[in-house]
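Student: I have a model open and would like to go through it with you. Could we begin with the overall layout and then move to local details?

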Amino acid sequence: SDAASVGPDGVTNIRSKVYLSPKLWYVRVNVIEAQDLVPSDKGRFPEVFVKAVLGNQALRTRISPSKTINPMWNEDLMFVVAEPFEEPLFLSVEDRVGSNKDETLGKCVIPLQVVQRRLDHKPVNSRWHNLEKHVIVDGEKKEMKFASRIHLRICLEGGYHVLDESTHCSSDLRPTAKQLWRPNIGILELGILSAHGLMPMKTKDGRGTTDAYCVAKYGQKWIRTRTIVDNFMPRWNEQYTWEVFDPCTVITIGVFDNGHIHGGAGGAKDARIGKVRIRLSTLEADRVYTHSYPLLVLHSSGVKKTGEVQLAVRFTCSTLINMLHMYSHPLLPKMHYIHPLSVIQLDSLRHQAMQIVSVRLSRAEPPLRKEVVEYMLDVDSHMWSMRRSKANFFRIMGVLSGLIAVGKWFDQICNWRNPITTILIHILFIILVLYPELILPTVFLYLFLIGIWNYRWRPLHPPHMDTRLSHADAAHPDELDEEFDTFPTSRPSDIVRMRYDRLRSIGGRVQTVIGDLATQGERLQSLLSWRDPRATTLFVTFCLIAAIVLYVTPFQVVALLIGLYALRHPRFRHKLPSVPLNFFRRLPARSDSML
């Protein structure tokens, strides 16, 4: 019935579809050495590096420290590639002959179909490859007969998981090689029921309209529902299933407005209506969760609620023992820990993997377009955002609030605000000092009782996007405009200057805090460094006396005296700082030597 109002050109764009992400591999190119290079100028020491190109990815080694015709590097270059391997690896050895001029000394092309696949950390065999060099003679391109060589160790890494999502919201943690997969632990069933209260996303015939469809991603399987044309309360009633291999994963469901029903001429895009993430570990096994989730979208003008989507989710666990055993396994495959990749490498490789996935899915019919894939994969999660920085700061403060509350409570105990509680704490402290074997059992029993007590207030529904946690409801318009700015910036110079000055002021505060932390650490180091000879003499003397006293005095007596001193009555306290604190603050730090 929808197809009648769409026309023949848009029918393919409203159908439902199941997609599979391409199988991604890491390619490790270990550039070892080259031999018998022939630079054009034999009177200078060559500054040689290797440039590798795979698809739209280009990397290069450092310039070889051995500036000879037999340079050495022993450097790894990492790429992302998808099956089927359509493009070969291009390698070129180049000589830096000037500030902006490089001369190619030789090239080679390596098809990935012949590259060895590695499943563990055992080294693969290295190979010598001939370098081809073409010279122009009388206007014709001719290949030189003398061939230089390059020594390489190339492999397709099957023991890693190729990250194409944010690590905090990953839906799949399995290694690339299927031989290393563990058996599945259950089934995830998702029912995409309906949406209501959707906002008009575009104008047609002078009135607002929305053509909504849903996309869900879990693991390598993407699904797209059919598009409900011109309806603010669409009903899909479609059900999909996935195999689950790890409970600590996330399924992402996005709702979009189809902008290509009537051909989508020009630069039309599918507008985002909202997104929901559900972490499987927050679901009870074999229970159906039917719930409406708010759809929230952040624009440069602020956060907007664009409607609600109703989902039914059930996680069916095949064996409880296997699922519980998963909590003892590392989150990522073992190669991530045996041969870890740097954070910079992971960010770059993740970006390349996202680009490969979006290009492949955009070729399908109907296509899953680039803007949809990037929104589902959080492609811009690493970009600077003042709003996210504030949100993360308050998240840290929320984590530390428990410790701060304990500190305030202990201060009240020490100041005898409630004498009965302070006396009970004295009694408990004396018991624990006299019977230290009760300390750990008491702590774990206390944690057990807290957990049992909190069971009454356990969450009944999976969490959803929180505007207050994200600081989206209180963000300044300029902060949102900065967050949605392109990279590099496209804003006028006066706005960029204002934002730069604001960032400098924030950076100044961060710099001050980091400097204070460094000062405290350097004061600790100076206790025994003799930078202040009198302070070190006092500390060394104190250590000798303390060692003698603690050697002849039972530890329980010392602990009891320290505890009773800390809990002493306010009548025996004074407001000046303690002697150890005064001594510590007088210690020297290297801030005096800072320019």
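Tutor: The discussion below goes from domains to an interface, then to annotated segments and local geometry. This is a predicted model, in which local features need pLDDT of at least 70 and side-chain atom pairs count only at pLDDT 80 or more, while totals for chains, interfaces and linings use all residues. Residues are numbered from 1 along each chain as its sequence is written, and side-chain values use heavy atoms, with hydrogens and water left out.

Student: Into which domains is the protein divided?

Tutor: There is domain 1 (8–21 + 164–377), domain 2 (24–157) and domain 3 (386–593). These bounds come from an automatic or database domain assignment.

Student: What separates the centres of domain 1 and domain 3?

Tutor: Taken over C-alpha atoms, the centres of domain 1 and domain 3 are 40 Å apart. In contact (heavy atoms within 4.5 Å) are 18 residues of domain 1 and 16 residues of domain 3.

Student: How much area do domain 1 and domain 3 bury between them?

Tutor: About 1,400 Å², with 70% of it on carbon and sulfur atoms. Buried area is the accessible area (1.4 Å probe) that two parts lose on being put together, summed over both. In domain 1, His291, Leu298 and Ser300 lose the most area to domain 3, and together they account for 33% of what that side buries.

Student: How many salt bridges does the rule find across that interface of domain 1 and domain 3?

Tutor: Zero, where a salt bridge is a side-chain nitrogen of Lys or Arg within 4 Å of a carboxyl oxygen of Asp or Glu, as applied between domain 1 and domain 3.

Student: Which element gives the most to the side of domain 1 that touches domain 3?

Tutor: Strands β20 (271–279), β21 (288–299) and β22 (302–317) each supply at least two residues of that side of domain 1. Of the elements there, β21 gives the most, with seven residues. Helices (H or I, at least four residues) and strands (E, at least two) are DSSP runs, numbered from the N terminus.

Student: Changing topic, where does UniProt place the feature "transmembrane region"?

Tutor: The unreviewed UniProt entry places it at residues 393–411, 423–453 and 538–567. UniProt positions are given in the numbering used here, feature names are shortened, and annotations may be inferred rather than shown by experiment.

Student: How much helix is there over residues 393–411?

Tutor: Residues 393–411 are 100% helix and 0% strand, with the end C-alpha atoms 25 Å apart. Residues 423–453 are 87% helix and 0% strand, and their end C-alpha atoms are 26 Å apart.

Student: Back to salt bridges: how many are found in the whole structure?

Tutor: The search finds 33 salt bridges. One of them joins the side chains of Glu157 and Arg118 at 2.5 Å, N to O. Glu157 lies in strand β12 (residues 148–157) and Arg118 in strand β8 (residues 116–118), so this pair ties together parts that are 39 residues apart in sequence.

Student: Is the peptide bond from Glu83 to Pro84 cis or trans?

Tutor: That bond from Glu83 to Pro84 is cis, with omega near -10°, and Pro84 is in the loop between β5 (72–82) and β6 (89–98). The bond from Glu365 to Pro366 is cis, with omega near 0°; Pro366 lies in the loop between α4 (343–361) and α5 (370–376).

Student: Is the phi of Asn74 positive or negative?

Tutor: Asn74 has a positive phi of about 50°, although it is not a glycine, and Asn74 is found in strand β5. Most residues other than glycine have a negative phi, and most peptide bonds are trans.
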